Amino acid sequence: MITIRKSSDRGHANHGWLDTYHTFSFGHYYDPKHVHFRSLRVINEDVVAAGKGFGRHPHDNMEILTWVLSGELAHTDSLGSVRTLKPGEMQRMSAGTGIEHSEFNGSKTEPVHLLQIWIMPTHKDIDPRYDQTEFPLAGRTNKLQLLVSPEGVDGSLTLGADSRVYAANLDPGRTVDLEIEQGRRAWVQVARGSVTLNGQPMGQGDGTGITDETKLTIGGAEPAEVLVFDLA
């Protein structure tokens with residue numbers, strides 16, 4: 001079964017410095033029908049204005065991923081990490097027993113457009129950790145590239161949850177396939193452009209919960225970027 005959550009149905013808030021859409025309940029936005037999907041707890045699409053950002057704040061017991069679509073995001077945290085996150089780089093922060101961090105758009109002129117993702121961990125109260133790595137565009141052009149996984153296989157970042165996250169950049173008319181093991185679920189998020197998912201159209205910002213399907217076929221209807229979540 002494929003259940004599409006349209007972009008226009010997401011929670012939305014515009015704070016001036018931050019224009020944000022919430023696929024699942026977050027902050028002041030609450031929808032009892034969309035609190036999470038399996039272990040996938042948050043997908044926020046954020047546009048942060050030039051020179052603005054999220055001040056230092058805490059998290060615990062959550063796997064937090066950030067995927068920048070355009071612009072650059074400056075990161076600092078209580079572990080001593082000082083990094084700049086660019087498109088094509090995945091940031092993974094395992095909050096564990098507790099971590100504080102800030103995320104800031106250092107540009108004086110350009111916004112930064114990003115997806116922030118929270119996945120509920122398999123085990124609580126582990127040591128916090130920060131990782132970041134680059135995934136060249138060629139590795140996901142018209143194919144699925146594994147970004148994070150429990151085992152850290154194939155160059156992916158290690159994730160403290162039984163979930164795998166893939167990215168693909170699709171040209172019109174090109175397709176990618178993903179086999180879904182029995183008992184697992186999947187979520188597809190369209191970051192840019194439009195696609196078809198097993199023949200059903202999806203536009204930018206749309207997300208889809210997938211249950212009781214054994215195979216996904218995602219096709220580019222126009223130049224598109226998607227994230228695919230394989231969830232226990």
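## The largest pocket

In this predicted model, the largest pocket has a volume of about 310 Å³. Its lining comprises 19 residues, and those closest to the centre of the pocket are Leu18, Thr20, His22, Phe26 and Asn44. By class, the lining of the largest pocket divides into 11 polar, six nonpolar and two charged residues.

Several strands contribute to this lining, with at least two residues supplied by each of strand E2 (11-14), strand E3 (18-22), strand E4 (40-48), strand E5 (53-59), strand E10 (99-104) and strand E11 (112-119).

## The second largest pocket

The lining of the second largest pocket has five nonpolar, five polar and three charged residues.

## A four-stranded open sheet

Elsewhere in the description stands a sheet. Four strands, in the order E16-E21-E18-E19, form this open sheet with antiparallel pairing. Strand E16 (175-179) and strand E19 (200-202) each have a single partner strand and stand at the edges, so one side of each is left without a neighbour in the sheet. From one strand to the next, the twist averages 25°.

Within this sheet, strand E18 (residues 195-197) and strand E21 (residues 215-220) run antiparallel and are joined by three bridges. Threonine 196 has glycine 219, in E21, as its bridge partner.

Note on methods: Residues are numbered from 1 along each chain as its sequence is written. This is a predicted model: local features need pLDDT of at least 70, side-chain atom pairs count only at pLDDT 80 or more; totals for chains, interfaces and linings use all residues. Side-chain values use heavy atoms; hydrogens and water are left out. Two strands pair if DSSP finds at least two bridges between them. Axes are lines fitted to C-alpha atoms, for helices over the stretch in contact, and angles run from 0 to 180 degrees between N-to-C directions. On a 1 Å grid over the protein atoms alone, a cavity is a set of points where a 1.4 Å probe fits but cannot get out, and a pocket is an open set with protein on both sides within 12 Å along at least five of seven lines; lining residues have an atom within 4 Å of a point. Grid points are joined across faces, edges and corners, and a volume is the space filled by probe spheres set on the points. Ala, Val, Leu, Ile, Met, Phe, Trp, Tyr, Cys and Pro count as nonpolar, Asp, Glu, Lys and Arg as charged, and the others, Gly among them, as polar.
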